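Please keep the sequence and the model open while reading.

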Amino acid sequence: MMRECCGKVPGHTRLFWPGGIVLVLALWISPALLHPQCLDFKPPFRPLRELEFCIMYKDFGCCDYQRDQELMAKYYRVMNRFDYNGYASCAGFVQELLCQECSPYAAHLFDAEDPNTPVRSIPGLCPDFCTQFYHKCNATIPHLSDDPHILEVKDNPRQLCRYLELDDTDYCYPHILSNSQLSQNLGRVQYDTDGCLQLCLEEVANGLRNPLAMVHANDGTHRFFVAEQVGLVWAYLPDRSKLEKPFLNISKSVLTSSWEGDERGFLGLTFHPKHKLNGKLYVYYSIEVGFDERIRISEFRVSAHDMNTVDHRSERVILEIDEPASNHNGGQLLFADDGYLYIFTGDGGMAGDPFGKFGNAQNKSALLGKVLRIDVDNNDRGPLYRIPPDNPFVHERGARPEVYAYGVRNMWRCSVDRGDPHSKEGKGRIFCGDVGQNKFEEVDIIEKGRNYGWRAKEGFSCYDKKLCRNSSLDDVLPIYAYPHKQGKSVTGGYVYRGCEYPNLNSMYIFGDFMSGRLMSLREDRHSGQWRYNEVCMGMGLTCAFPGLINNYHQYIISFAEDEAGELYFMSTGIPSATSATGVVYKVVDPSRRAPPRQCHYEPLPVRVKSNLIKFVPQETPIGIEPSNKKDPEATPTESYDWLQELIDQLGEVGLDPTAPLPTTTTTRQPRTTRRKPRRKKGKARSEGDGLDGAVRLAGEQEGRTDQGRVEVYINGEWGTVCDDLWTMSNAAVVCRQLGYRHALKAAKNSEFGEGKHMPILLDDVQCEGTEATLLDCRHAGVGKHNCAHYEDAGVICAQHAHTGSAHV
C-alpha cells in the first residue's frame, strides 16, 4: 500500500493537552521552507556571464548579465543627481536596494509571490536597516520609487519604515542574508526530512486513454506524439495544442479490452533516426489471428501530403511473435546510437516463465523474454530487416540471430542515455525497468550478449533455485532492485539530460505503476554504485509557481523525453484502455533553472491541415490555496467548532498538525499522488445580523469571500478597522470567525481599498489569536482612533494552509 508523501516538516510545533487542559499554541513554520523565487515567478539560476554590478549574486540569483547592466544604468541615473557627499553616503545603500531584484528570494522581498498585491518598488526592509537608510539617504527615495504611498509618507520615517516592513521579518533585508537555513542548500534539489527529493510538475496533455508512449520525430519541429493503448496516436505542437485528426489510428487492428490492467494493446512507438528524410516510424502492438494472440512490429510511413498523418496503407509487418498468454507482452521499441532497432519482448506470460525446460527467457532459440536488435535500413527492396553482423549469437547454433540480450521477464519502458551535455559521459547506455514476479522489481543497463537472470533470478534474489545455482548462468545483476512493499510493477524512465534544470543532470528518474512512486538513481562515479532517492512532490510553497502542480494520478504508465531532452511521464487515474483519465506531466526542479535564453530553440514550422484543439490544463495543486477562486467548500448555513476539530485532528497518533488533512480512507495515501482534502463546513462570511463584533470582508476583491478589507459591525453600524500594527494574530481571529481555518496574510495599508464611506470603529487592536471576535481583543475603544482610511486593515483567509504562513 502506498505511503503518505514526504513525512514531517521540521520546525512544526506540536500541541499537547496534559492533565486535560487545552493549550492552544501558535503553530510556527520554519522560515527555511519558503522557496527561492524570482520576480518572473521562476526559480533562480547561475548566470552564464559573471555580473559586474550586483556581484553579491554573481554565483546564484535572479539576474543575468543583461539585467545586471540595466540595474547598473539605473544606479547611475539615481546617483548622478547627488554631490560627492551624497554619493559617499548613499551609493552603497542604493546598490544594495537595487540588487535585491537579483536575490534568489527576490519574489519574497518584493511581495511578488502574492498575486493579489502589487510588486514592491523597494524591497522589504528590516526596521533597523530602514531607519539607518532613512536618516542617511532619504533624499534618494523619490528616485528609487514612484509608489504614491511611499511618496506620501517619505517625510515620516516611522510610517515609511512600517510600510516597507515585511509581514514575515525573517525575510526582510538584510536579515535574510544571515539566515543559514535559507542559504545552506540554496540552488540544490530540495529534500524533505526523509531524504525525498522535492520536485514539481507541469501539466502538458490530458483526457488520454492509457497514454503509454510519448515520442518525438527528431526533425526540428519539436512536436510530440502520444500513443493511447487503444491504438490511436495524437500529434501535439510545441504550444501543446492537439491536432484534431489522429496521427495514426489502428484501433480496429489492435487487440485490447476495457479490463483494468489488460496488458495487450498498442504498446510501443518510435521514429526512424532519419525520419526527416525517409518518413518512417515503427509500432509494436497486440493482434489476434484466429484464436491466437501475437505481438506485431510494423513499419509505417508518414503521408506524402500531410506530415501530421500516417499513410495507413504503408504498413509493412516487420516481425510477428506468437504470445502463449495475454500478459507479459513487452512493448518497447527504440533506436540506439548504433542506428539499429531494439525490440523488447516479454517472456510469454503466465507466472514463472513455465515454457519449456528453462523458460522462454533463458532459451536463445525463442524470441520471447529477449532484447532483439535488427537493421531496418535500406529495406525498401529485399528483406524487411537484416541481422547486424556483430549481434552476439549470430554464430551460435540454435540461437536466433536477432537476440541481443536475454533472461528478461517483461521489460517495461527502456531509454537511451543522451550523455552528459558537455562531457558526453554515459552516452548510449540503455536503461530498462524489468517487472518482477512476486518479490522484486529491477532496473538494468542493457549490454550486448548478457544474461539478465530470469527465471533463475528475480532482482538479486534466486527465483528458480536449481537454475540459480547453475555455474553457467553468468548473469548480470541489476543496478537497483526494490521489494514489493515499495512497489509491484516498475516503469523504466530516463537519465535527465535536458537543459532547463541543471541539478537533475545524470539523474535516472523512474517510477512504479502500482504504488505510484517516483524514484531516482544517481551513479557514484568513484564506486560505480547507484544512490537511490525517492521523489516527492514539493511541500508548501515549493511548487507555488504559476502553472506548476504538486500531484498526479497514481498509475505511472510511461516516461518520455521531448526533442530538447526535457523529462515527462504519463499516468492515469483508472488503468483501463477506455478511461480518459490519462495525463502527461513535465518534471520541473523548482530549486534551480538554467539562465534565461540558454535553452532557447526555434521549432521548424509545421504545416497543419487539421483543426487544432487548444490545450486547457485541468490539474490543480494541492495544499496551496488558490488565490483567484472562491473557496468551493464554504457554506453559509452551518458553522463548526474549529477548536474541537483541531483537538480531534491532533489527537490522532502521529499526526503532524501542519500536514495536509487526512482523507476518509483508512489506508495511507501514496507519497506523490493526488489527495482530496477533507471537506470543511463553515461560514463564508458573517453579515449584519445585529450581533456586535460580526465581521465581513469587502473591497476591491469583488466576489471573494476569503480576502478583503475587514469591516466590523458594532452598535448598529458597519465600520472599518484602521490599524498600522495589524498582525497575523488579529487576522486569525477574523478568519476563524468567518469559518476559515487559516489566516494567510494580515493585510495593511488599505491593500483592499479604503472604506471611506463608513466610520473607523477600531484601532490599535491587539489579539492573542484565540478570541471569538475583535471586540474581545484589546483595542483603543469603539470609535476611538488616531489613523486614517489609508491604513484600513484586511485579511487573506483559507481552508488550507500555505506552508510558511501562520496557522490558526
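Val226 is buried, because its relative accessible area is 0%, where buried means under 20% relative accessible area, exposed over 50% and partly exposed in between, with a 1.4 Å probe and protein chains only. Val226 has its place in strand 3 (residues 224-228); strands (E, at least two residues) and helices (H or I, at least four) are DSSP runs, numbered from the N terminus. Leaving aside neighbours within four places in sequence, Val226 is in contact with Leu208, Pro211, Ala213, Met214, Leu232, Val233, Trp234, Tyr236 and Val584, a contact being heavy atoms within 4.5 Å. Val226 and Val215, 11 residues apart in sequence, lie 6.7 Å apart in space from C-alpha to C-alpha.

The model is predicted, so that local features need pLDDT of at least 70 and side-chain atom pairs count only at pLDDT 80 or more, whereas totals for chains, interfaces and linings use all residues. Residues are numbered from 1 along each chain as its sequence is written, and side-chain values use heavy atoms, with hydrogens and water left out.

## The chain as a whole

The protein chain has 12 helices and 35 strands, and buried residues make up 58% of its 808 residues. Among contacts between residues at least 6 apart in sequence, 64% join residues at least 24 apart. The chain exposes about 34400 Å², of which carbon and sulfur atoms supply 50%; accessible areas come from the Shrake-Rupley method with a 1.4 Å probe, and for residues only the protein chains shown count as cover.

## Nonpolar cores

The largest nonpolar core has 62 residues, and those with the most contacts inside it are Phe247 and Phe266. Such a core is a set of buried Ala, Val, Leu, Ile, Met, Phe, Trp, Tyr and Cys residues joined through side-chain atoms within 4.5 Å. The largest share of this core, six residues, comes from strand 8 (residues 280-289). Apart from this core lies another, of 42 residues, among them Phe53, Cys54, Cys90 and Leu144.

Which residues surround Phe266, when neighbours within four places in sequence are left aside? The contacts of Phe266 are Leu212, Ala227, Glu228, Gln229, Gly231, Val233, Leu248, Ile250, Val254, Val283, Tyr284 and Tyr285.

At the start of helix 2, a side-chain oxygen of Asp83 reaches to within 3.2 Å of the backbone nitrogen of Asn85.

Ile150 is found in helix 6 (residues 148-153) and counts as buried, at 2% relative accessibility. Not counting residues up to four places away in sequence, Ile150 touches Ser121, Ile122, Ile141, Ser145, Leu160, Tyr163 and Leu164.

## Backbone features in loops

Most residues other than glycine have a negative phi, and most peptide bonds are trans. A cis peptide bond joins Tyr173 and Pro174, with omega about 10°, and Pro174 is found in the loop between helix 7 (157-164) and helix 8 (180-183). The peptide bond from Trp454 to Arg455 is likewise cis, with omega near 10°, and Arg455 has its place in the loop between strand 17 (440-446) and strand 18 (457-458).

Arg240, in the loop between strand 4 (232-236) and strand 5 (242-243), has a positive phi near 75°; it is buried because its relative accessible area is 16%. Arg597, in the loop between strand 28 (582-588) and strand 29 (612-613), has a positive phi of about 75° although it is not a glycine, but Arg597 counts as exposed at 55% relative accessibility.

Notes
A polar contact is a pair of N or O atoms within 3.5 Å; within protein, one must be able to donate a hydrogen and the other to accept it, and residues adjacent in sequence count only if both atoms are side-chain atoms.
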